[in-house]
Amino acid sequence: MATSLYTLIAHSFPDDRRLVAIEAPDRANLGKGFRSSWSFADLESNAARYASLIADLGLKRGDRVAVQVEKSPEALFLYLACLRGGFVFLPMNTAYRTDEVDYLVGNAEPSLMVCDPAREEEMLVIARKYGGMQVLTLDGLGRGSFGEAAGRVRDAHPPVDCASADLAAILYTSGTTGKPKGAMLSHGNLAANGLALRDAWAFTEHDVLLHALPIFHAHGLFVACHTALLSGARMIWLARFDSDQVIRHLPEASVFMGVPTFYTRLLDNPAFTRDVVAHMRLFTSGSAPLLAETFDEFKARTGLAILERYGMTETGMNTSNPYEGERRAGTVGFPLPGVEVRVMTDEGAECATGEIGDLQVRGQNVFSGYWRMPEKTTEEFAEGGWFRTGDVAMIDADGYVHLVGRAKDLIISGGFNVYPKEIEGLIDDMPEVLESAIVGVPHRDFGEAGIAVVVLNKGASLDEDTLLGRLKETVANYKVPKHAAFVESLPRNTMGKVQKNLLRETYRDACR
Ligand code: AMP
């Protein structure tokens with residue numbers, strides 16, 4: 001069996017390659033010169049053309065291609081081109097500011113950066129700093145120097161026969177240290193997980209996936225695209241989530257995937273009715289906890305049960321509620337085929353049924369390690385190849401996995417991970433500040449949001465707007481706390497550790 005993910009995908013396409021593979025309704029009204037649909041044959045020829053261009057630029061197998069672009073079908077072709085040509089795809093959140101991109105480039109040393117035209121100058125500065133990185137542009141409508149150059153090359157680049165262990169992508173995920181770590185994902189990791197999900201969720205070529213997730217994250221790029229591509233299903237591709245637009249296109253779709261925030265926003269829209277979704281086969285949720293209240297409200301409104309699943313960048317998807325069978329609110333279901341899951345006590349023994357402990361996973365889906373961080377990699381793996389997820393969980397008597405918390409101090413805001421350490425570091429560096437702590441509190445729209453609790457130096461003054469304004473200049477907006485509170489001192493335990501649980505309690509209603 002072919003192991004290269006590209007080959008697996010191409011083998012899954014329907015025999016009639018003229019069928020529509022991807023549609024971008026956002027493009028439909030732009031007039032001449034803008035396509036709004038592409039066939040499976042187009043996907044293949046564009047992947048070949050883009051791979052040709054990347055090879056012509058001098059990149060070799062294993063070289064990294066950093067990509068920070070708006071979501072577009074062309075961005076997907078670029079991903080497929082990397083899979084096809086054996087280049088390593090390195091997507092970056094479009095919200096990342098210069099300093100964040102600078103760190104990633106310094107760590108991953110990509111040979112090519114494809115960025116939005118509006119950020120070309122910024123990227124050229126970073127390219128000069130590290131040397132050896134070429135910069136080309138691609139905008140949300142497929143224009144820019146990358147698109148133009150690709151139009152001039154042949155579409156005959158042959159697919160490279162990648163081995164299962166060959167790197168396909170590096171996705172950066174922040175850690176408790178605050179420094180992002182590059183999770184190395186192989187063709188084998190991605191293929192195993194994509195095939196497992198396709199089968200578990202009964203995807204076929206008759207499906208139409210309404211795709212509204214960003215594609216710089218594992219959820220939108222791997223979970224959504226792989227299930228569709230590995231079954232030859234069609235995708236309706238929205239540049240971003242907008243509840244009106246989703247509701248407009250649901251009648252043409254059979255599957256929708258979202259983060260919990262998508263579901264609360266759909267439920268807030270009076271046009272989201274039972275009629276709009278009566279024909280839908282599946283709604284899935286993940287990346288953050290789906291409140292039982294949202295699950296119940298969705299069921300009452302539509303008659304359908306959202307299928308919640310659990311995964312992470314390093315592992316792909318680990319567990320899923322059943323496609324056939326009871327989908328239980330507040331649980332993330334059972335381990336997927338090929339994935340082993342165990343819950344461990346602090347002493348290293350396996351927990352009994354119902355007992356809470358650290359969740360560990362093992363399987364072909366699990367990444368091989370963090371890019372250029374061998375010590376970090378060793379730390380995160382227990383003996384026998386078990387990856388410590390950092391999630392705290394319990395398995396009930398029926399085998400359903402319940403996530404009950406996170407050992408890592410992570411906040412998930414609107415489905416995006418915010419690591420308090422990174423933001424605390426930036427606040428602590430402000431001259432007026434003595435120390436700070438960031439905690440996550442419930443937020444109606446984002447699920448969770450950060451609150452900064454700040455202690456100022458004696459005699460110093462700083463207001464909330466100035467503090468938050470400075471953060472907005474240096475980090476992506478989703479990482480900026482929603483509020484800052486100024487206090488005399490932070491509560492600490494006898495070991496000197498800040499008692500974040502007390503802060504969470506104090507500020508619990510700050511974002512309701
Ligand atoms: P990421 O690497 O960005 O995908 O984030 C992974 C983390 O998201 C996991 O370690 C979990 O803490 C969290 N997560 C993912 N799916 C779920 C879910 N269904 N319920 C609760 N937390 C989740």
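**Exercise 1.** Determine which strands helix 15 lies across, and at what angle to strand 26.

*Solution.* Helix 15 covers residues 464-474 and lies across strand 25 and strand 26. Its direction is at about 130° to strand 26. Helices (H or I, at least four residues) and strands (E, at least two) are DSSP runs, numbered from the N terminus. Angles run from 0 to 180 degrees between N-to-C directions, with axes as lines fitted to C-alpha atoms, for helices over the stretch in contact (heavy atoms within 4.5 Å).

The model is predicted: local features need pLDDT of at least 70, side-chain atom pairs count only at pLDDT 80 or more, and totals for chains, interfaces and linings use all residues. Residues are numbered from 1 along each chain as its sequence is written, and side-chain values use heavy atoms, with hydrogens and water left out.

**Exercise 2.** Describe how strand 25 is joined to strand 26 and in what order the sheet's strands stand.

*Solution.* First, the open sheet has three strands in the order 24-25-26, with mixed pairing; two strands pair if DSSP finds at least two bridges between them. Second, strand 24 (433-443) and strand 26 (483-486) are the edge strands, each pairing on one side only. Third, strand 25 (residues 447-456) runs parallel to strand 26, and four bridges join them. V454 stands opposite F486 in strand 26. Finally, helix 14 (residues 420-428) packs on the sheet by touching strand 24 and strand 25, and the direction of helix 14 makes about 145° with that of strand 24.
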